[in-house]
Each structure stands twice: as C-alpha cells, then as structure tokens.
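Please keep the sequence and the model in view while reading.

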Amino acid sequence: MYPHAIARPWRTRRLCVASLSATLMTATAASLLSLTTAMIAASPLGAQVRPDSARTAAKADSMRRIEGVLVRAIRANEQAPISQTTIGRAAITQRHFGQDVPMLLMNAAPSMTSHTENGTNWGYSYLRLRGMDQTRINITIDGVPLNDMEDQVLYFANLADLMSNVQSVQVQRGVGTSTAGTASFAGSVNFETMPVARADAGGDVQLQMGSFGAQRVTASFNSGLTASRFAVYGRASALRTNGYRDHSGVMGRSAFVGAGWFGARDVLKLTTLVGLLADTLSYTGATREQLAANRRFNPLQRDERDKFGQQLVSLAYTRALQNGGSVSTTVYRNSARGNYDYFELPDRYRFNLAHTWYGITSAYNVERGALRVNTGINANTYQRAHRGYLQPSTTLYDNTGHKQDASAFAKLSLDAGRARWFADLQGRYAKFRYEPDANAGIDQRAIDWMFFNPKAGVTYQLAPGLSTYASYGITSREPARNDLFAGDDDLNSGNVADYGDFARVKPESVRDAELGITLSRTTLDVSANLYSMDFRNDIARIGAPTASGAILRRNVGNSYRRGVEVDAAYRGISRVVLAGNATWSQNRIAQFTDSSRGTPVVRRNVAPLLTPAFISSHRIELSPTNRFMVSVEGRYQSKAFLDNTSSADRVLPDYYTLDASARATLGRYALTVRGANLGDTQKFASGAVSGSGRVRYFVLPARSVFATLSAEF
C-alpha cells in the first residue's frame, strides 16, 4: 500500500484549481491585452464622434438588460417564494478590500459562516450555508457553473480579487430555484460580472497596503459603448500577504476581460477569467496547547507549498425576440493544472491535479401578460488527472476521473389577483467513471445517477410593499469523489476493500419548506423566514478511520435543520443606516452508528458539525457629509461542535468580533481605511478532528488594518 500521506483528505478537496507558471501567466496576460487592444481598435474610440450622451446611456441600459438574460433565468426575482439576499455593487464596494469571497459574504446574508487558513482575510477560505459546506452550495458566474464536477466545490482563492469584477451576487438559501451545475442543496451563490455595455469610457486604479505585509493593486478599463457597437471591460489584479500564521504567505494574480458586440436585438460576448495562486501551506489547524504557546503556530513546514490557478473562457450569444422573450446560449471551457506538497519527513510528496471541462448552457425567457416562463439546459463533460510523486522523481500513481452532467429545467410563474404562483421542475443526470493507474491492480468502474427536483410556491401581496410567501422543494445530490474515496486520491488493490464499490455511499436528498414575509418601505426593508430542511441519507464523516488516516464518509439516515432568518435595514434617521441579520436554528441528526473512533457507538439526537444555533451580524453606517462615511459592524456566532458526536471536548467556542471602515472622497479620488477584528478576539473560526482524535483549531483573522487609495478616470 502507498504511504498514508498520499491519501490525505485535505488536499483532494482542492480539486477544481490548477497551477500556472509565471511564464504562462505572462503569456495569458499578454493575450488578454492583445484582445483588448484589438477590440478597441475595431471600435474606433476617439476616432469617431460619440452619439448623444442621453441616447447612448439609454442604449447601454437596454443592452445591459439583454446582456443579463442568462443570469435572470437562474436567479430568483424579488417576487419569487425563495429565501434570498441580493448584494449590489454599492454594498460590494463598501465591504471589499481584496478578501477571499467567503470572508466578504459572511456578514452580508443570514446563515453564512466562513473561516480562513492563514489567519488573515486573504488566501484559502471556506464557506458554509445553514451549516453545510461548499460542496453542497451551487456556484455560478453569469450563469456558468463553477463547482468542480468531481468534488462539487469551488476554491475562490484561485480567483484572486474576484469581487472587483462582480456587479451583484445573489445568495439563495435552501433548495432555491433550479440552476446549472451541481445541486443547490444548502443553497446557491450566483455572481453577475461587471457589465460590458456602458455609456461612457473610464476605469479605476486602487493601491492598498495593510497588516501582515498585505499589498494589493488593481486597475480596470472600459471602453464604453462605441458608435461601432463594441465595448470592452478589463481588469488586472495582484495581491500578497505574509499571513498571520507562521510561514503562511499568499500571492494571487488575476485578469478579467469582457468584450462584446451589441446589436439592436443581439449581443455576442466573450468573457475570460484567469487566476493564479501560490502560497505556503497552512491547511492544518493547531491544538490548544500549541496555540497557547504560539498563537501563530503552523505545524506544516515552511517549504511545503502549492501553486494553483484556473482559466475560464466563455462565449455567449443572446437575442431579444419580437414576442418579448429572449434566448441566450453560452459555451464555456474551464481548464486547470497545479501541484501541492506534503511532507512526512524524511519523505516528501508532491501531488498534481489537472482538469479540462467543456460545457454549454442555454436559457429561454418569455413573459406574456400574467405568465412568465424560464427554461434552460446545461451539459458538461469533464476529466481530471490525479498524480502522486515521491520526490524527487518516483511516480506513485496516475489515475483519471471522468464525469458527465446534463440537466434541464422549466420555471413558470402566474399572477392571479394578489397571488403569484410559482413552479420549478428540473431533471438532472450525472455519471462518474474512474480510470485507475495502470499498476493499481483493479479495473475501471463507473456509476450514474438520475434525479428529479420539483419546487413550488406562492407569493401573496398583503398590501403595497408587504408580501408573504411559502414554498416547498425537493432536491438530491450524488456523492462527490471525496465521499466515495473517503478523502483518498488513489483507488487501488491495497485500499479498495476499505471503501467498497461506488454504491457504498448513496445520494442524499432534502425536502425544504420555506415560509417568509417581506416588507419594503422608503425607510425600512425587512425580510424574515422560517425554514425546515429534512434530509434523507445525509452524508457525514462517521466511518472508522482507514489505514490512510482518513475517516470514511457514510450515510446517516435522517437529519433536519430548522430555523428562522431575519435580514433588515433601517434608514429613518438622516444620514444613518442601521442594518443586520440573524439566524436562530435547531439542527439534529436523529440516529446513526458512529465508527469514527473505531468502536461503533449508536448516537441519537446530536448536532451536525460546525452548525451554530445562533448567528448575528449588525452594522451602523454614518454619513455626516456626502464625502465621508464611517461604519461599524459586529458579528456574534454561538458555539458549535467539531464533529458529529456533540462531545464536550470537541467544541468550537462562541465568539464576537468588531470591524470598522471609513471612506473619504474628493472628486475622483477616495481613501478607505478598514479595520478587522478590532478587539483582537483570541478565539477560533473553525476546527477539525483528525482520524486519531486530535482536535485542531483555525484562529480568527487577527486584528488588522488596511488602507486603500483609489482613483477613477
């Protein structure tokens, strides 16, 4: 059997990322620059007299509506009976300072938790929604799925400074509406990138410095909608930090280009997103004893490193139809390659992951009187190579995972008096095939799944600006490769007996009921909802540790998550905004046989891991003048458990943190100062229990200050 280091579960979860060498990154950036230059040259900006500004602005608005057809097809509109929060560009600008996406979203919507590996807001971070991890959250950008097809997860760190390119992001909680890609199990997060069709040319530059050696520079350019109907938007970003924990530095690079031709009814748009990440590894937490001696302790070696990146390119065609409908089709390619190290001294291992992913997604929207119809399809084909090496030159394994995915949905809403009835039907097929190493001693094996995911609901208008909604939905999710292999990266004759066949872990399903009320007034916005999510065959870490040290994932039978979520903002005091959100929940696994400690134990009515019963975020924003704003934001999170046993010795303590920011503007220039964890709370954001029973913690991001100088042109 291979050494157990090869089967570490920690790195096989980073399977949707890939590395790029500095040379490749330079070449890619040059290609993007050439594309931008070519597009601008084709649209003689400055060489022609620009149209009347008002007419150009109106045309740009019209083109932007066509540009966003695919996003609207998968998003829930404001009247849909869905528990949702949409975060617009103004809120993103206020919160964003280059931090990884989960760290920005955490306080912006109810029921979200996150943590980071290196003790800062930059680098690898992880998002949970209603206590469920990223593999159960559907993630899209402009309607294109981003979750890795094998392990159903996205690592935002590979796309450094992504939020600088995002116009809005919608978070749906619960099964939500049908979307493209992996199942929306806990919920979905979908991003809308910055619009390409704009009335005027312009751009911005931002320079940032902060604690722990943080540096960030980003610059953007947009051509505006030219007389030749072309438009280009592009941005390049670079950031770095030394990290708070010992030898946990991060370097990130990214480039984004959107270029399009905008006809009277047609839009052809090319989007390219390239990211590069290099860091010194800090994925393992530290024990309380280690942290008591040195809060910055990192048990990994300073020369254990990884270098990952990701490249996404899509081409979308959208047409506004004469019947008031619209159709949009996008073809896309997602490719990746990278390496990471693991040392079990004196042995040193290196692992390589590389995937290529092709897909197509399409949507048709139409509105006729009281009836609205959205339909869509998505299909993918994917393969990823997994390679392990004993450094410097011994190859341990080389296997490949193949997966195909196809889905179709139809959404209908019908207005009848004060009620808007809603129905959403989705069918989805997925197939996984494992191609083992030539020397593995086992044959290829495959499994496929078919799912039907129905949802229905109603929204009722009680009064102007006041409505209530109710919905019920069912969705199912196939096991990820990580579930099937218990975190191992290679299946062979030496470990296949530990895992059994691919049917060992069954698909899990959820039945989600939502009941909510929304109030929208000039000075007050409130949304509140009750939810009840009942799970069948919930997949959890309950199996006995394997020879590799990984804990087998198995189905636990029935479990539930029930709670109330509130999101509110009050603007009734001049130049003051009071806002916040909160979640109260009760979460339980009814009964299961737990073998995670070796000897089987029957456990009843235990809390799922990393699912706090209460979360609250609250913010006050003051704008004494039009040129100056200051805000203070607090967050409280109650205790949670680090495994599925509800054991008192495996608890993540409660914590409270306080952040603040101030922004001063003078014409085209702005200075923003942000402080994180100003009270320097010495607690933990997350943790884990190893197969040997050792409890480790990840510290909360330490007290830090960031200053950003920006200029628009």
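**Charged pairs, a sheet and a surface patch**

Asp266 counts as buried, because its relative accessibility of 16% falls under the 20% limit. The model is a predicted one. The partner of Asp266 is Arg319, with which Asp266 forms a salt bridge whose closest N and O atoms are 2.8 Å apart. This pair links distant parts of the chain, since Arg319 lies in strand β13 (residues 305-320) and Asp266 in strand β12 (residues 266-280), 53 residues apart. Arg319, at 30% relative accessibility, counts as partly exposed.

Further salt bridges can be followed in turn. In general, side chains of opposite charge can pair when their charged atoms come close. A search of the whole structure finds 33 salt bridges. One of them joins the side chains of Glu478 and Arg428 at 2.8 Å, N to O. Here too distant parts of the chain are linked: Glu478 is in the loop between β20 (466-477) and α8 (481-485), and Arg428 is in strand β18 (residues 419-435), 50 residues apart. Glu478 is buried, with a relative accessibility of 0%, and Arg428 is buried at 2%.

Arg562 and Asp534 form another salt bridge, with their closest N and O atoms 2.9 Å apart. Arg562 belongs to strand β25 and Asp534 to strand β22 (residues 524-536), so the pair ties together parts that are 28 residues apart in sequence. Both residues are partly exposed: Arg562 has a relative accessibility of 35%, and Asp534 has 25%. Elsewhere, a network of salt bridges links Asp133, Arg136, Arg477, Asp483, Glu508 and Arg553.

Attention now turns to a sheet. Five strands form an open sheet in the order β1-β6-β7-β4-β5, with mixed pairing. β1 (83-87) and β5 (144-145) stand at its edges, each with a single partner strand, so one side of each is left without a neighbour in the sheet. β1 and strand β6 (residues 166-173) run antiparallel and are joined by five bridges; Thr85 stands opposite Val171 in β6.

Within this sheet, strand β7 (residues 187-193) contains Thr193, which is buried at a relative accessible area of 5%. The side chain of Thr193 makes a polar contact of 2.6 Å with the side chain of Asp142. Apart from neighbours within four places in sequence, the residues in contact with Thr193 include Ile141, Asn165, Val166, Phe256 and Lys269.

Polar contacts also surround a histidine. His386, in strand β16 (residues 371-390), is buried, with a relative accessibility of 0%. The side chain of His386 makes polar contacts with the side chain of Glu150 at 2.9 Å and with that of Arg384 at 3.1 Å.

The last stop is on the surface. Tyr570, Ile573, Leu578, Ile620, Leu622, Val632, Tyr656, Leu658 and Leu678 form a nonpolar patch there, with about 660 Å² of accessible area together. The elements that give two or more residues to the patch are β28 (614-625) and β32 (655-666). Ile620 lies in strand β28 and is partly exposed, with a relative accessible area of 34%. Tyr570, found in strand β25 (residues 558-570), is likewise partly exposed, at 33% relative accessibility. Leaving out residues up to four places away in sequence, Tyr570 touches Thr523, Leu524, Val576, Val577 and Leu578. The C-alpha atoms of Tyr570 and Thr522 are separated by 9.1 Å, while these residues are 48 residues apart along the chain.

How values were computed. Residues are numbered from 1 along each chain as its sequence is written. This is a predicted model: local features need pLDDT of at least 70, side-chain atom pairs count only at pLDDT 80 or more; totals for chains, interfaces and linings use all residues. Side-chain values use heavy atoms; hydrogens and water are left out. Patches are made of residues with over 30% relative accessible area and no salt bridge: like charges are joined within 9 Å, nonpolar side chains (Val, Leu, Ile, Met, Phe, Trp, Tyr) within 5 Å. Accessible areas come from the Shrake-Rupley method with a 1.4 Å probe; for residues, only the protein chains shown count as cover. A salt bridge is a side-chain nitrogen of Lys or Arg within 4 Å of a carboxyl oxygen of Asp or Glu. Helices (H or I, at least four residues) and strands (E, at least two) are DSSP runs, numbered from the N terminus. Buried means under 20% relative accessible area, exposed over 50%, partly exposed in between (1.4 Å probe, protein chains only). Two strands pair if DSSP finds at least two bridges between them. A polar contact is a pair of N or O atoms within 3.5 Å; within protein, one must be able to donate a hydrogen and the other to accept it, and residues adjacent in sequence count only if both atoms are side-chain atoms. Contact means heavy atoms within 4.5 Å.
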